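Me: I'd like to learn how to read a structure like this one. Could you walk me through a few features?

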Amino acid sequence: MADSDRVQDALAAYLDHLEMGGAEPDFSHLTEEERAELQELVDALELTEGIAFGSGGEQSPAPVAATPEGERFLEALRDLLPPRVRLEADDNRLVARIGDVAIVDRFVLGTFGGRVRAWVVDAGSAGAVEDDGEAFADLGRAFRMFPDTSAIALVGRDLSCLVVEPEDTAPQIRVPAGSLVARRYKRAVGPVTDALPAYLDELIPYWTPMPAFDRDAGVHIDVGEVAGDLVRAAVENQRGIGGRARKGNPKKDALSAFGDREVRAVDALVEALFDGSLSPAGVEARIDKAAGR
């Protein structure tokens with residue numbers, strides 16, 4: 001019987017090697033059944049025909065356009081893409097048309113944040129697809145076929161671009177009538193040299209440098225003072241409970257006896273915890289000692 005955890009760990013190592021440039025994994029510890037299950041998972045991943053994200057630093061092979069329109073698309077973007085974006089030809093031919101407009105060339109752009117499929121369409125402008133009522137349904141099916149796709153960029157012959165995201169193809173409820181209508185694209189048609197690099201910039205995580213910690217800056221908290229105020233308030237609360245207890249009640253005498261000694265003991269305990277001289281495991285023994293037990 002295959003160990004699913006071992007198979008998942010092996011798959012993670014395979015993906016780390018494929019997409020992050022990690023060490024080539026060793027599967028010699030897997031049983032034949034586990035290797036067969038791992039191969040099924042790898043084959044399923046390859047069916048998406050996506051591209052490896054890569055670590056962003058390496059260069060992918062220069063994509064080859066199948067049409068003059070595709071070559072113009074590549075030429076326009078060659079020097080404009082963010083440095084951590086990989087551009088490759090998309091060999092998938094499962095989708096041939098969007099509405100009434102044919103797809104003449106296609107590419108995949110990969111980043112850490114997701115993949116974008118750029119489809120060059122047989123239309124003067126990408127706006128022709130925006131006005132095509134059937135395009136919504138076709139794009140919705142395309143996103144279901146390629147679940148790894150963050151957006152589809154439709155590019156016209158004039159190098160105008162419409163970036164469509166999965167939520168753009170979902171229906172919406174019209175207010176106040178409540179009727180169900182098709183979703184309209186939220187991004188405007190614009191030059192591909194502006195629209196596509198801008199969207200890719202949104203996908204790529206931006207990590208700001210970790211600032212150096214300045215121990216002399218910021219707010220300083222006097223733990224002893226804060227703890228002392230809280231402890232004194234807690235002790236006075238217990239003394240009040242003792243004062244309200246009936247006479248002859250042992251609890252009344254014990255609580256009424258609380259005072260500065262207890263405040264100092266608990267205050268010292270808190271400061272010791274804060275500076276690390278006392279571990280949490282030693283709190284109970286410290287309390288027992290303070291109580292004389």
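Reply: Happy to. Glutamate 225 lies in helix 7 (residues 223-244); helices (H or I, at least four residues) and strands (E, at least two) are DSSP runs, numbered from the N terminus. This is a predicted model, where local features need pLDDT of at least 70, side-chain atom pairs count only at pLDDT 80 or more, and totals for chains, interfaces and linings use all residues. Residues are numbered from 1 along each chain as its sequence is written, and side-chain values use heavy atoms, with hydrogens and water left out.

Me: How do I read a nonpolar core, and which residues have the most contacts inside the largest one?

Reply: A nonpolar core is a set of buried Ala, Val, Leu, Ile, Met, Phe, Trp, Tyr and Cys residues joined through side-chain atoms within 4.5 Å. Buried means under 20% relative accessible area, exposed over 50%, partly exposed in between (1.4 Å probe, protein chains only). Here the largest core has 25 residues, and Phe73, Phe107, Leu109, Val116, Val192, Leu196 and Leu200 have the most contacts inside it. Helix 6 gives the most to this core, with six residues. A separate second core of 18 residues includes Ile98, Val101, Val129 and Leu162.

Me: Is leucine 159 buried or exposed?

Reply: Leucine 159 is buried, at a relative accessible area of 18%. You will find leucine 159 in the loop between strand 5 and strand 6, and its phi is positive, about 65 degrees, although it is not a glycine.

Me: And where is glycine 124?

Reply: Look in the loop between strand 4 and helix 4 (127-130) for glycine 124. Its relative accessibility is 38%, so glycine 124 counts as partly exposed.
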